[in-house]
Amino acid sequence: MSYFPDSLRIDLGMYIDRAIEWLMHNFGGFFDAVSAGIIWFLRQIEEIMFFVPWWAVLIVIFLITWKIINTKAALVYSFMIFLVGCLGLWESMILTLAIVLSSVVFSMVIGIPLGILMAASDRFNAYTRPVLDAMQTMPSFVYLIPALLLFGMGKVPAVFATMIYAIPPVMRLTDLGIRNVPREMIEAAHSFGSSNSQTLLKVQLPQALPTIMAGINQTIMMALSMVVVASMIGARGLGLDVLQAIQHIDIGQGFEAGVCIVFLAIIIDRLTQSIGGKFKYPK
Amino acid sequence: MTVKLQVEGLTKIFGHNPRAMLEKIEQGLTKETILKEFGHTVGINQVSFMVNEGEIFVIMGLSGSGKSTLIRCLNLLNRPTAGKIKVDGEDIVKYDGKKLKAYRQHKVAMVFQHFGLFTHRKVIDNVAYGLEIRRVSPTKRREMAQKAIDIVGLNGWEEMYPNELSGGMQQRVGLARALATDPEILLMDEPFSALDPLIRREMQQELLDIQARLKKTIIFISHDINEAFKLGDRVAIMKDGVIEQLGTPEEILAQPKNNYIKTFVQDIDRSKILQAKNIMVRPNALVSLKDGLKVAIKEMEQAGISSIFVLDQERRLQGLVTIDDALKALKEHRQIKDILQHTYSTTGPETYMNELIQIATETKYPIAVINDEQKLLGIIARVTVLSNLV
């Protein structure tokens, strides 16, 4: 175990660099367009969220929670959001939420159709599975590098990296949900002369919906954890507050920002889970 | 009777290259060899039969006999490897795309063993599914679905979800869903197997009632011989992908083709299937009114019996004469018509054997089977009925 011969070294990093360079050179226009799209979407969300006054946010959180969970949860959750404001992290929270929301929307738009494709084709499934495994096991920091190279510093690479990290659960669970629809139900749909798309829209997707909702829930949670990491490449928000606290060894500030992230995580998780529960049919 | 559906040499093999296996079958290789050596499963092997319009045709077999594979070929949920399926004279195996959809949307509907209901749709929307696929307008759809719901007696359950109903109710939804599109052919894949025995019997009766009104062509799969014989106008018994015997329940009961069928029919309750006309025999001795007493006594002596039925010229049953009365009357120089007895029992040809048991225990004489015009069709010895009780 003393040494490994230098003559056997492979310079993998160089090839990756070359590949990214090649991508930038040949598809620069494409990445610019993607970048513009992401920025535009992000702006819309930020604008809407900054437009709403802080007390209206509290009321909306209260009402939604009251409607789908109960009064106690509604009180607790709106108080949590209120606390975030009191800690002076309101703006950071909104910036964080905007990135999370955009990443989740993009993840769903791409992930659900890919999940459907995985369920439909065993071959596509076989190829995609290891890729998804790799995406989930790879340290999340690693995504920052290509995102940085392709999109530069700022929010866009943050959204991109978050999306890559958060997309596997929604894909996996869409696939799982569709595959778990009982065979007889599919046979019944076909026996009445349904086309494949009718079977998908009228039977498979509605049946898979509770599972897909669980996937979306996980995707949101992963996006929320990734957005903190993404602050390293210039995304402002709660993550940046944590990062700055680490750099200055400011335990107090780090704790404040950390608590806010936990609050957001709790609220989003419980709300999406309850919404998912509404899609369950009598079993 | 017109033939609705005709199956010719239907074969279904599962595996990577099923067509290549056809040759092996022709060479006479068995199902087991093909599975072991080539990894292909022979589901059904050159099955042929035909189904008449308006009949209930039951395909009966144990699990693995190929009956479910067979019924799934009839709406092409399984693509046959070889053979023809002619519906109204047209070979549906060639159907593809549009034609197949049209066939499934209009001509045929299926009821499943585990119901196959859409748990995310209310009962009414389940029933209307086939119409929705056929692009019937919502109001018309609802109306037609309601009619089907009425037929199966599910009024008032329309807005429930399937999983809120009991098993029997769920299968009613399955049946209503199949009836809603008003198909000509109904495929029923062990529809009552998942129900408990009491509900099963109720559903069987209900199916017979519905069939009496609607006169669909029904192909019914069952693994229960009692169910098969109760429902089927004709029954095909399958084993290892081939039909072992095909016929009416009475034919199969009376003449089981081999030991396999024999063991099957052993446990069956014959008294519920056999009718008087199936078990009656031609009397080996009869006398006519115009015959003399001496003839009657001689007939009885020859046949070794102690009573004899008396007919008129049109074979109408007039009465019965016992040997004691005949001997006495002969001494007193009386005629047959003077000593006719009427204490025997008669029955129609369609009476089921289990209804005859009571009669057989009460009478001393054979039971006379007569038609509406009082003509004697045959007689049933008491022992024939009573021995069934053992």
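This is a predicted model: local features need pLDDT of at least 70, side-chain atom pairs count only at pLDDT 80 or more; totals for chains, interfaces and linings use all residues.
Biologist: What percentage of the residues of chain B count as buried?

Modeller: A residue is taken as buried if 20 or more other C-beta atoms lie within 10 Å of its own. Applied to the 390 residues of chain B, that criterion gives 36%.

Biologist: Which share of the contacts in chain B with a separation of 6 or more comes from residues 24 or more positions apart?

Modeller: Chain B holds 17 helices and 16 strands. Among its contacts with a separation of 6 or more, the share from residues 24 or more positions apart is 63%.

Biologist: Which annotation does UniProt list for residues 280-336 of chain B?

Modeller: In the model this span is 35% helix and 25% strand, and its end C-alpha atoms lie 26 Å apart. The name comes from an unreviewed UniProt entry, which lists these residues as "domain: CBS".

Biologist: How far apart do the end C-alpha atoms of residues 251-268 of chain A lie?

Modeller: An unreviewed UniProt entry annotates several spans of chain A as "transmembrane region", including residues 20-42 and 251-268. Residues 20-42 are 100% helix, with end C-alpha atoms 25 Å apart. Residues 251-268 are likewise 100% helix and 0% strand, and their end C-alpha atoms are separated by 26 Å.

How values were computed: Residues are numbered from 1 along each chain as its sequence is written. Chains are lettered from A and ligands numbered from 1 in the order in which they are written. Helices (H or I, at least four residues) and strands (E, at least two) are DSSP runs, numbered from the N terminus. A residue is buried if 20 or more other C-beta atoms lie within 10 Å of its own, exposed if 12 or fewer, and partly exposed in between; C-beta atoms are placed from the backbone. Two residues are in contact if their C-beta atoms, placed from the backbone, lie within 7 Å. UniProt positions are given in the numbering used here, feature names are shortened, and annotations may be inferred rather than shown by experiment.
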